[in-house]
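Me: I am new to this structure and would like to learn how to read its features one at a time. Could you take me through some of them slowly?

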Amino acid sequence: MPAFTPGLALAHRYYTHVVAPLLGDRPHIAARIGPGSDVLGYDGPRSTDHDWGPRLDLFCDDHGLTDELRHRLPAHFEGWPTHFTPAGARVRSMTETDGPIDHYVTVTPFRRWIHDHLRCDPAAMDTRDWLTLPWQRLAEITGGAVFHDPAGELHAVRDRLRWYPDDVWRHVLAAQWARIGEEEAFVGRTAEAGDELGSRLTAARLARDVARLLLLLDRRWPPYQKWLTTAIRTDPATPMLTTAITTADPDERQDALCTAYEEAARRQNALALCDPVQPTRRPYFDRGYPVIGAGRFTAALRTAITDPELATRPVTGSIDQISDNTEFVFGSSAKPSF
């Protein structure tokens, strides 16, 4: 195989030099979005073993185009096979062929693709729509790259889904702080009880919640678990999370988590989404375990919500904050219901 090149760059060249000339003046939108590590910019040499290679998403109403491309596409592009097997499978890999090309150029009418991925009209989304759309799916639609969109249809959808409306954002942030508030004292309590494993597991759960919180504060859709900490690899708070789950010292573990909480708190105050909250740690009642008092941030955000529906809604947040089941969250094209 040739030297690795990022999948988005490969897709752009594939469209420009191979696919676009075959389309002529047929109306279409071309992009590389949807599932795939390349869409998030996290692909590497290991990614080439499946669902990676010369691939493209075409939004077009020409129902015969898929079969036409089977007979007109070259067998290789820049040294990579353009044929993928098994044909039509959920997971496909590049394979050599001397016959028609089972390519990875998906051809779908634009409105059908949007409906299948959102199950709602992106121009008329309500609170329930926002809260039932998984972060991973939003990251897949707003990530990647658009290569041809003459009427701006795809750009308009991506712009609409770039981030939450402010009140929905406040609600989701409030729920994320609430998750931290439920367990922040348990790191110290389990350690005090001699349960080192329990303390470490709780710290890991909290580190995950902080990682998601940092991304939410930065207006970035948190990816699912495989890529979550890759997404915050360069964040200044990440070393504190690493310390929290690697140290054998319970006091250092609690201190590291509190330092990460304080960083997140300062960032929230800077956003001015609600009244500022003192971003410093404090003892947990008379037990003394250091915590941030995450409920204070939940309360401040809830007070700032003006939407009556959200103001009275339980602080459970979005689907990602309710369920850890990957298949439930985004494995199915059917919209979750709750």
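What follows is a conversation about strands, helices, cores and rings.

Reply: Gladly, and please keep in mind from the start that this is a predicted model.

Me: Let me begin with a strand: how many residues of strand E2 are buried?

Reply: Strand E2, residues 55-59, is mostly covered, since 5 of its 5 residues are buried. Arg55, Asp57 and Phe59 point one way from E2, while Leu56 and Leu58 point the other way, and all of these are buried.

Me: Which strands pair with E2, and in which sense, parallel or antiparallel?

Reply: Strand E1, residues 29-32, pairs with E2 in the antiparallel sense over 3 bridges, and there Ala31 stands opposite Asp57.

Me: Turning to helices, which residues of helix H12 are buried, and where do they lie around its axis?

Reply: In H12, residues 238-246, the buried residues are Thr238, Leu241 and Ala244. These residues cover an arc of only 115° around the axis, which puts them on the same side of H12. The buried residues of H12 pack against helix H10 (196-217) and helix H13 (250-271).

Me: What is the general idea behind a nonpolar core, and which residues have the most contacts inside the largest one here?

Reply: In soluble globular proteins, nonpolar side chains tend to be buried together. In this model the largest nonpolar core has 66 residues, and Tyr164 and Trp177 are those with the most contacts inside it. H10 gives the most to this core, contributing 10 residues. Apart from that core lies another, of 26 residues, which includes Leu23, Ala30, Leu73 and Met94.

Me: What is Tyr164 in contact with, leaving aside its neighbours within four places in sequence?

Reply: With those neighbours left aside, Tyr164 is in contact with Trp130, Trp135, Trp169, Val172, Trp221 and Ser318. Ring pairs also link Tyr164 with Trp130, Trp163, Trp169 and Trp221 into a cluster.

Me: How many aromatic pairs are there, and why is the pair of Trp130 and Trp221 called stacked?

Reply: The count comes to 17 aromatic pairs. For Trp130 and Trp221, the ring centres are 6.5 Å apart and the planes are at 25°, so the pair is stacked, planes under 30 degrees apart being counted in that way. Trp130 lies in helix H5 (residues 127-132), whereas Trp221 lies in the loop between H10 and helix H11 (225-231), so the pair ties together parts that are 91 residues apart in sequence. Both Trp130 and Trp221 are buried.

Conventions: Residues are numbered from 1 along each chain as its sequence is written. This is a predicted model: local features need pLDDT of at least 70, side-chain atom pairs count only at pLDDT 80 or more; totals for chains, interfaces and linings use all residues. Side-chain values use heavy atoms; hydrogens and water are left out. Buried means under 20% relative accessible area, exposed over 50%, partly exposed in between (1.4 Å probe, protein chains only). Helices (H or I, at least four residues) and strands (E, at least two) are DSSP runs, numbered from the N terminus. The arc is that of the directions from the helix axis to the C-beta atoms. Contact means heavy atoms within 4.5 Å. A nonpolar core is a set of buried Ala, Val, Leu, Ile, Met, Phe, Trp, Tyr and Cys residues joined through side-chain atoms within 4.5 Å. Two strands pair if DSSP finds at least two bridges between them. Rings of Phe, Tyr and Trp (its six-membered ring) pair if their centres lie within 6.5 Å; planes under 30 degrees apart count as stacked, over 60 as edge-to-face and the rest as tilted.
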